[in-house]
Amino acid sequence: MGKYILKRLLILIPVLLLVSVFSFLIVHFAPGDPLNMYMRPDMTQEELDTLRVSLGLDGTIVDQYIGWLGNVLHGNLGNSVITSQSVSGRMMEVLPNTVLLMGTSMLLSFLVAIPLGLAAGLNKNRLPDQIISFFSYIGISIPSFWFGLLLIILFSLILKLLPSSGIHSIGETGLVDLIRHLIMPSIVLSVGNVAVFTRYIRSNTISQLEEEYVLTAKAKGVGKRGILYGHVLKNCLLPIITLAGMRFASLVTGSFIVESVFGWPGMGMLGMSAINNRDYPMIMGFTMLSCLLLIIGNLLADLLYCVCDPRIKAQ
Amino acid sequence: MKKITSMALALLTAGALLSGCGTPASNTPPADTTSPAPSSTPAPSTAPEASTPPTGGERVDGGTLIMCEPSDISSLNIIYETGDEGMTMLKPVYDPLYIVAKDEVRYYLAESRTVSDDGLAITVKLRENLKWHDGEPITTDDILWNFEMRMNPDNKSSGGTKVNGEPVTVTAQDDYTFTVQLPSVSAAYDATLGGLKFLPKHVYESTPVLSGADINSTSGVGSGPFKVKQWNKGESLVLERFDDYYRGPASLESVVFKIIPNASAEEIAFQNGELSVMRLTTQDKLEKYSNDPNYQVYTLTEGRINYMGFNSNSPLTSDPKVRQAICLALNVDEIIAGAYGSSDLAPAAKTVFCPSNFYYTDVPGYSQDLEQAKQLIAEAGVEGETFRLVYNSSRENMENCALMIQQQLKAVGLNVEIQGYETQGFFEVFFYTDAGDWELGLNGYSTNGDNQGDEYMFSSEGFLSKNICTTDEIAQLWNQGDATNDPAQRTEIYKQIQEQIRDVYTMFPLTSPNFVIAVDKRLQGVDAIDMVPIFEDYLNLYMTN
């Protein structure tokens, strides 16, 4: 097991390196120059050159990449070329907001998707399954910005029950106020997840019910409820580990669209702003963090799989 | 099922409400497109000391003005917040010395200012009762330190410290009087100096380099009528009334800026009463809010010119005949009608100066002449050629303008391919690369007030020089215009510039857009000063019941 983890961690190094190279190239080849943000009509070329050097934007793209990589290897993601703030410091400022939103939505997704998926699987091709499947397809298809706006119109404008944007109302810092702001974006983020998770769990439930161990349990006289909760449920939940691992990165990268619609000051909005301003160090910091967490999430999922299913460990 | 039906009905109702069906506007104030008289040296006027009298309901002191911006500022330090967000959100926090307007000078931190006869020295007298938000007095010591700090290249904010590339010299006569000595005459520097905002020396002097320093996000001590109460990064900026303000406390108790990146979410928040002000950028919205008794629509001058530039690096548009043909093929009024719905949002522009420019002259613009356009196209041999038109897709209505131009040029036998870029990409293509891979480009620039920095834009090293062809004569005229303080001479020079740019067919003026806002009807004093970014003087604003 230790050897396996070490091997996976070693693979992490070339993967991150490749991701960094490609990200760096893509970001720098996009039209636009962060220096434009500093340009004023009265600046001379000499001043611009000095500014370019001070922002680390001089030299070839290879020089810039090596400089960036050297800083990263020393634990320094650099400073924003727009605000001069530390990239890691800025990300840490907004990270709690994103973790709160994405964590809530993920929890909500699992809480809703597990019973729905099981119910659909147990009632394969019957009315409950068809209803759940119908709403799953809608959930998968519905654009999040459109659904978000509909919720805002309904709950903020018409019913006046919930605030339309932000984390807190002006002058409020309490938990109740926070929860009121959290409700709509969490629901919007959860809808797509619930739909996908439900389909996974339904499919797995159907296949598990056809397994021989279910037949054996039936032969031994175990009741339907006992089979479901004692045997099938555990196996059905295995894909949840994979899904959770795959979504682990989104816990910190947030959602560009939902954060934008609900004015939620998280990593998504930070990333969007960085891209619009060609803030190279911020974009790279954001990309590398996403990549790192995606890989770690998958590794954790694999390890959890081994813990939950000894057959995989044996393989 | 019943619940689902009710929910569906509610959602449909909501959708219908959002789409907003209205009848044409009736109470929208007309756009200011009159041709002002040539400017003379602005006559000094005293600062606006009190709010205008109520025009709506009964005036009440207090209340909160809530506005929104699509993105947040990155610090509370005004010298680093020169974008639209910073200029708007920090305007109530930092006062300028004075504002040079077309017919007057509005004094804020300064009590008076004198420009020497040779135009090389500007002496400014500060008011004696000025205070920073922490109660410390504002003196020339602060002003001198600000110039010194800006001149340090490490601080990356040298605005207002140089004239034609040479540094200015600042000396103090006493605690309240200082003189800025210019290395050469720059008529527009007076306005530049007046608009500068200053930081408190006692707060910032212990930080050797301000660029990137933490203090930029924590201090926010300014000199304006409102002080920073709370900054929730990425979410809101809350300002509260500064009771020791040198012109007396504001009527409003607080000003809040909320960050709402999504335009649809912004409109819902406005309708929900969570915002007091919203900019209107489409004819539908203009009509909708003009007819709603809960709102008042104001039309302010944005002070910009939107234009179509011709790329001199492309073989097609380097030919003056082709450029002339295109200018004669276009009909601006039709473009505006198609792109904006009416001229309420964007009146047609005749020259490359907007009417609020001090030296705008009512010179004749281009008139559509399809026959002559076709003849020129035939002579140039470009019939059936394809022209690439680039535009900034982040700017409202630019795409619609591009589509209208595409249609109109089709009528004279020219094909147009349109290509939108987001802001940074567009600037790179339009200003900074000279590959000649586009022929036409839609852009805009501010020409409000005096011509600050415009001479550089048109110079051989300026923003426009890479692609938009300009002549040496025009560049020289720009320099001459800034190098004299004689108003009559400047008026004549800038008139020549407008005429010459017209005659070389390098920039086709499209619109001089208005800044149209819908405002909660209880808020008054909104249009006391016709200036963008909005609300130059927050003392003018008050609530009515």
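Figure 1. B:Trp231 has B:Leu237 of strand 13 as its bridge partner. Strands here are DSSP runs of E with at least two residues, helices are runs of H or I with at least four, and both are numbered from the N terminus. Two strands pair if DSSP finds at least two bridges between them. This is a predicted model, in which local features need pLDDT of at least 70, side-chain atom pairs count only at pLDDT 80 or more, and totals for chains, interfaces and linings use all residues. Residues are numbered from 1 along each chain as its sequence is written, while chains are lettered from A and ligands numbered from 1 in the order in which they are written.

**Figure 2. Strand 14 of chain B pairs with strand 13 and with strand 3.** Strand 13 and strand 14 run antiparallel and are joined by five bridges. Strand 3 (residues 64-69) runs parallel to strand 14, with six bridges. B:Ser254 of strand 14 is the bridge partner of B:Glu240. B:Ser254 is also the bridge partner of B:Thr64. Five of the six residues of strand 14 are buried, so the strand is largely enclosed by the rest of the structure. A residue is buried if 20 or more other C-beta atoms lie within 10 Å of its own, exposed if 12 or fewer, and partly exposed in between; C-beta atoms are placed from the backbone.

**Figure 3. Four strands of chain B form an open sheet with antiparallel pairing.** The strand order is 6-7-11-10. Which strands stand at the edges? They are strand 6 (110-115) and strand 10 (169-172); each has a single partner strand, so one side of each is left without a neighbour in the sheet. Neighbouring strands are turned by 20 degrees against each other on average, direction ignored. Axes are lines fitted to C-alpha atoms, for helices over the stretch in contact, and angles run from 0 to 180 degrees between N-to-C directions. Strand 6 and strand 7 (residues 121-126) run antiparallel and share five bridges. B:Ala110 has B:Leu126 of strand 7 as its bridge partner.

**Figure 4. Helix 8 of chain B is largely enclosed by the rest of the structure.** Six of the eight residues of this helix (residues 283-290) are buried. They are B:Lys285, B:Leu286, B:Glu287, B:Lys288, B:Tyr289 and B:Ser290. These buried residues pack against strand 16 (295-301) and strand 22 (514-520) of chain B.

**Figure 5. B:Asp527 sits in a loop of chain B.** The loop lies between strand 23 (523-524) and strand 24 (542-544). Is B:Asp527 buried or partly exposed? With 18 C-beta neighbours inside 10 Å, B:Asp527 counts as partly exposed. B:Asp527 touches B:Tyr298 and B:Leu300, not counting residues up to four places away in sequence. Two residues are in contact if their C-beta atoms, placed from the backbone, lie within 7 Å.

**Figure 6. Chain B meets chain A through 46 residues of chain B and 43 residues of chain A.** Several elements give two or more residues to the side of chain B, among them helix 1 (2-19), strand 13 (236-241), strand 14 (254-259) and helix 7 (263-271). Helix 13 of chain B gives the most, with seven residues. By class, the side of chain B has 19 nonpolar, 18 polar and nine charged residues. Ala, Val, Leu, Ile, Met, Phe, Trp, Tyr, Cys and Pro count as nonpolar, Asp, Glu, Lys and Arg as charged, and the others, Gly among them, as polar. The model scores ipTM 0.78 and pTM 0.82.

**Figure 7. Chain A is divided into domain 1 (17-35 + 47-76) and domain 2 (94-314).** Domain bounds come from an automatic or database domain assignment. The C-alpha centres of the two domains lie 35 Å apart. Their contact takes ten residues from domain 1 and nine residues from domain 2. Helix 1 (residues 2-29) of chain A gives the largest share of the domain 1 side, six residues.

**Figure 8. Confidence along chain B averages a pLDDT of 87.** pLDDT is the predictor's confidence in each residue, from 0 to 100. In chain B, 90% of the residues score at least 70. Over residues 1-55 of chain B the pLDDT is below 50. Where pLDDT is low, the predicted coordinates should not be read in detail.
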